[in-house]
Amino acid sequence: MPRAKPNIIITGTPGVGKTTLCELLTASTDLKHLAINRVAKERECHDGWDEALNSWIVDEDKILDAIEDEVQEGGYLIDWHACDLFPESWIDLVIVLRSDSATLYDRLKARNYPEQKLQENMDAEIMEVLLNEAREAFDHEMVIELQSNDSDDMEGNASRVETWIGQWMREHSHETSTDTQS
């Protein structure tokens, strides 16, 4: 069944502004914010807590099972630091947020990340790990890279994504209206 609304992954290294962008878009569109870290905790889709990294050890299979029905309906902003676990058939756009090293370092330091976690995330951003994962997992036309260094970037990114959502809705409106008339 075609979706009436798109599903968009908002991904990137921790600290690049995924949640902030999702909150901006949730306020300006009728898409819902699906924070995978919250799902992992609330629906017990994890294998415990990693003390060294100060984070949940997420069970990706449990995550996919937990969200499959709702995501297939469409209309979600999927907020997670990885994207390659999601089936391409569920997703309409992948946004990889990026930040310059100094900005990201300051954000992670302000979160009081342990040094190991801070360094792993800095290395991942510098080496473009999440951008490369997105490009390997999804069609290149589905993946866009956006800078997220300050509030102007965030507002511009939200505006750009709102425009994309509007275009997607116009292009797919005939699919859902045909389905409901059948």
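## Salt bridges across the chain

A salt bridge is counted here when a side-chain nitrogen of Lys or Arg lies within 4 Å of a carboxyl oxygen of Asp or Glu. R43 and E70 form such a salt bridge, with their closest N and O atoms 2.6 Å apart. The two residues are 27 residues apart and belong to distant parts of the chain, R43 sitting in the loop between α2 and β3 (46-50) and E70 in helix α3; helices (H or I, at least four residues) and strands (E, at least two) are DSSP runs, numbered from the N terminus. R43 counts as partly exposed because its relative accessibility is 37%, given that buried means under 20% relative accessible area, exposed over 50%, and partly exposed in between (1.4 Å probe, protein chains only).

The structure is a predicted model, in which local features need pLDDT of at least 70 and side-chain atom pairs count only at pLDDT 80 or more, while totals for chains, interfaces and linings use all residues. Residues are numbered from 1 along each chain as its sequence is written, and side-chain values use heavy atoms, with hydrogens and water left out. A search of the whole structure finds 8 salt bridges.

## The network that includes R98

R98, E125, E128, R135 and E145 are linked in a network of salt bridges. Within this group, E128 forms a salt bridge with R98, the closest N and O atoms being 3.4 Å apart. Because E128 lies in the loop between α5 and α6 while R98 lies in strand β6, this pair ties together parts that are 30 residues apart in sequence. R98 also meets E145 in a salt bridge, at 3.0 Å from N to O, and that pair links distant parts of the chain, with E145 in strand β7 (residues 143-147) and R98 in strand β6, 47 residues apart.

The accessibilities of these residues can be set side by side. R98 is buried, with a relative accessible area of 10%, whereas E128 is partly exposed at 32% and E145 is partly exposed at 33%.

## Residues with positive phi

Most residues other than glycine have a negative phi. E128 has a phi near 55 degrees, a positive value in a residue other than glycine. N112 likewise has a positive phi, near 60 degrees, and is not glycine. N112 lies in the loop between α4 (101-110) and α5 (115-126), and its relative accessible area of 65% makes N112 exposed.

## Surface patches

Patches are made of residues with over 30% relative accessible area and no salt bridge, like charges being joined within 9 Å and nonpolar side chains (Val, Leu, Ile, Met, Phe, Trp, Tyr) within 5 Å. Lys and Arg count as positive and Asp and Glu as negative, with His and the chain ends not counted, and the place of a charge is taken as NZ of Lys, CZ of Arg, CG of Asp or CD of Glu. On these terms E60, D61, D65, E68, D69, E73, D84 and E136 form a negative surface patch. Helix α3 (residues 60-73) provides the largest share of this patch, 6 residues.

A nonpolar surface patch is formed by I126, M127 and V129, which together have about 290 Å² of accessible area, as computed by the Shrake-Rupley method with a 1.4 Å probe, where for residues only the protein chains shown count as cover. V129 is placed in helix α6 and counts as partly exposed at 33% relative accessibility.

H172 is found in helix α7 (residues 151-181) and counts as buried at 18% relative accessibility. The C-alpha atoms of H172 and K5 are separated by 8.3 Å, although these residues are 167 residues apart along the chain.
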